[in-house]
Amino acid sequence: MPQDPIGAGSGVPEVVPEGAGGLAVAGTGGGPLPEWTPYTVTGGAAALIALLLAATGSFSIVLMFVLTVVISLPVIYVWSRIAEGPRRALDRLATLSIVAAFGIAVAPLISLLYEVIKRGTARFDSAFFTESARGVVGAGGGAEHAIVGTLVITGVATLISVPIGIMGAIYLNEYGTGRLRRALTFFVDVMTGIPSIVAGLFAYAAFAVFLGPGIRLGIIGSVALSVLMIPIVIRTSEEILKIVPNHLREAAYALGTPKWKTVTRIVLPTALAGLVTGVMLSIARVIGETAPLLVTTGVVDSLNTDPVSGRMQNLAVYAYTEYKNPGVMKQAAYDRAWAAALTLIAIVMILSLIARFIYRRFGTEIR
Amino acid sequence: MEAHTDTTTQAGQILAGASGGSRRLGDRIFSNAATIAAVTILALLAGVAIFLIVKSIPAVTASAADLPEGKTLVDYIAPLAFGTVLAATLATIVAVPLAVAVALFISHIAPRRIALTLAYIVDLLAAIPSIVYGLWGIFVLGPAFVGVLNWLADNLGFIPFFTGPASVTGRTMLVAGLVLAVMILPIVSAVAREVFSQTPRRLEEGALALGATRWEMIRMTVLPFGRSAMISGTMLGLGRALGETMAVTIILSVSGVVSFDLVSQSNPTPIAANIALNFPESSGVAVNALIASGLVLFAITLVVNMIARVVIARQNLQ
């Protein structure tokens, strides 16, 4: 079987009649390059550059990546242009550029995860999870108060957002008609774009109108997070409710079941796994928010579990303040900031993984 | 699908209506609850605007002497708005070409088997909290970029963007813009990918059958088909970049100047960063001024997002 010379894939036979006017791909000589050419050239260039960099003692992965791209792209282009003609050369150039762009996009993720794990583990110890920052000036101390605060604030936000969000989704999918439905669809999408700091300012302003200026409470932060969370819950829930098969509803109606019972006993249980997945993903999205909490819940060093009284710390703001006001022992504070960042990323990752697992394991019947 | 749902809805209502009163009561309560939730959500969005306006009024009526920095409200917010737009524009310019390439890679170039995994990896970028991006930007990317900044200032200093003198810490608009670009890349790429993968197969295979290379096929069918998705994705990304707070707050060493210089250590202040930096310590009418600047930010992002959504809605109609 002949190799697919331009990598067109998708099982389309390569039919290029000789002398087909402007569409002829054949180049001036040599014929199509073997399939391994791009891999060999980039691999060879990478190895060569790595050796050269190591020899000059300035090895870095980033530099190697950049130089490999800069060198191998023109080489492949020129080689392919000579052997296969300008059109295939352009195709190879475009394909390789796109692959390189993907590499560039993923590189920050790898670097970020690597650095967070490397720098975060220094203080990722038991004291970090069991002590507060009360009275801590130099090294030591922990983020127990911030972790508890994060859980309380996000928990209250979830309690506010989930009923409203799921009922809103039920409205959109089961009841809504006409203008209200169209308006809700449009503005929920618009709401997903509200800057998080604006959500924080709104919650502060709303509470300040009634409770006076300068107010800082955990619950204000929860309200701010709800503004960010409701659109996510409603969006994902609506998608899930949409794929509940209509024949289930029709069967229920045919048996004389009232609509509200059909929704609560048939539609919601069928969609349960998907709904839980959506809620967990929305929690993962807001649990790392900093800006709205910075302006609503205040900063405090000791444990507070009451969302309606007094300031409340949380992990993201804790990481920010440890970085911003490191105090006398800078490195100790930075270590705590990185440990908080690592904790946050771990929570987000675990939530996303559990959400995916639930959907895979229990969400199968409606897919 | 839509019409089908409506018929079943009507059938359900007729059946429910035909039977006893208690059933009708249950239905009425439940459908009212759903409607109330819907109205609550719209009221919440309206509430965001209303409360921000109410709390901004004292700053609008206050005299310049009472406001922060002794400026009038417009003079106070204008440079901040400039900083916001500059950072977001820079991020969008960097992110959009990359995001389109990533979307093409996942939808048309990567092997089908691993495409979903790759998409998941790109989406992970969106799951990382912004505070972590901020720490990464200031401790890792910034210092790594000092050499680049110096090179830009030394060799391209004649371009207004790179006048210099280059920052020695890497806390510059350029680094902040790059971090923002990484943060908005997943959303732009997700919107583009969604539509790229819906390109009609007959167009793609028609192009290939005529002897087009894969790149020519992409350029002639996929990109034109996905044009409005690229526009709306760009607008959504821009909206995100405008409102993103913590990363720019941490990375920029703000000084409130109005300058296009991307590599120096005195940077314009974006609105969001200014709020995050000053809100915790402010009191009195200064708080109202900050809320007024937040209202401006809200208005800008609202317009950008609404344009994006209108473009998407129009494209879905076609």
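In which helix of chain B is Leu86(B) found? The residue sits in helix α3, which spans residues 73-109 of chain B. Keep in mind that this is a predicted model. The contact between them draws on 90 residues from chain A and 83 residues from chain B.

**The two chains**

- Chain A has 367 residues, and buried ones make up 48% of them.
- Among the contacts in chain A with a separation of 6 or more, 73% join residues 24 or more positions apart.
- Chain B goes α-α-α-α-α-α-α-α-α-α-α-α from its N terminus.
- In chain B, 50% of the 318 residues count as buried.
- For chain B, residues 24 or more positions apart supply 80% of the contacts with a separation of 6 or more.
- The radius of gyration of chain B comes out at 25 Å, whereas a compact globule of 318 residues would be near 20 Å.
- Along the principal axes, the C-alpha atoms of chain B fill a box of roughly 75 × 65 × 30 Å.

**Where the chains meet**

- On the chain B side of the contact, helix α2 (residues 21-61) gives the largest share, with 21 residues.
- That side of chain B splits into 55 nonpolar, 21 polar and seven charged residues.
- Ala206(A) lies in helix α7 (residues 196-211) of chain A, and leaving aside neighbours within four places in sequence, its contacts are with Gly47(B) and Phe51(B).
- Ala206(A) counts as buried because it has 20 C-beta neighbours inside 10 Å, and 20 is the number needed.
- Within its own chain, Ala206(A) has its C-alpha atom 9.7 Å from that of Val223(A), 17 residues away along the chain.

**The nonpolar core**

- The largest nonpolar core holds 198 residues, and the ones that touch the most other members are Ala341(A) and Val102(B).
- Helix α3(B) provides the largest share of this core, 20 residues.
- What does Ala341(A) contact, leaving aside neighbours within four places in sequence? In chain A, the partners are Val116(A), Gly120(A) and Ala319(A), and in chain B they are Ile131(B), Val132(B) and Leu135(B).

**A closer look at Leu86(B)**

- Is Leu86(B) buried or exposed? With 20 C-beta neighbours inside 10 Å it counts as buried, because the cut-off is 20 or more.
- Once neighbours within four places in sequence are set aside, Leu86(B) is in contact with Met173(B) and Pro268(B).
- Pro268(B) is 182 residues from Leu86(B) along the chain, yet their C-alpha atoms are separated by 8.4 Å.

**The bent helix**

- Helix α5 of chain B (residues 130-155) has 26 residues, but its end C-alpha atoms are only 33 Å apart.
- A straight helix would reach 38 Å at 1.5 Å a residue, so α5(B) falls short of that span.
- Where is the kink in α5(B) centred? It is centred on Gly137(B), with a bend of about 45°.

Technical notes. Residues numbered from 1 in each chain as written. Chains lettered and ligands numbered in written order. Predicted model: local features only at pLDDT ≥ 70, side-chain atom pairs only at ≥ 80, totals over all residues. Contact = placed C-beta atoms within 7 Å. Helix = DSSP H or I, 4+ residues; strand = E, 2+ residues; numbered from the N terminus. Nonpolar A, V, L, I, M, F, W, Y, C, P; charged D, E, K, R; others polar. Bend = angle between axes of the 7 residues up to and from the residue. Buried ≥ 20, exposed ≤ 12 C-beta atoms within 10 Å, placed from the backbone. Rg over C-alpha atoms; globule rule 2.2 N^0.38 Å. Core = buried A, V, L, I, M, F, W, Y, C linked by C-beta atoms within 7 Å.
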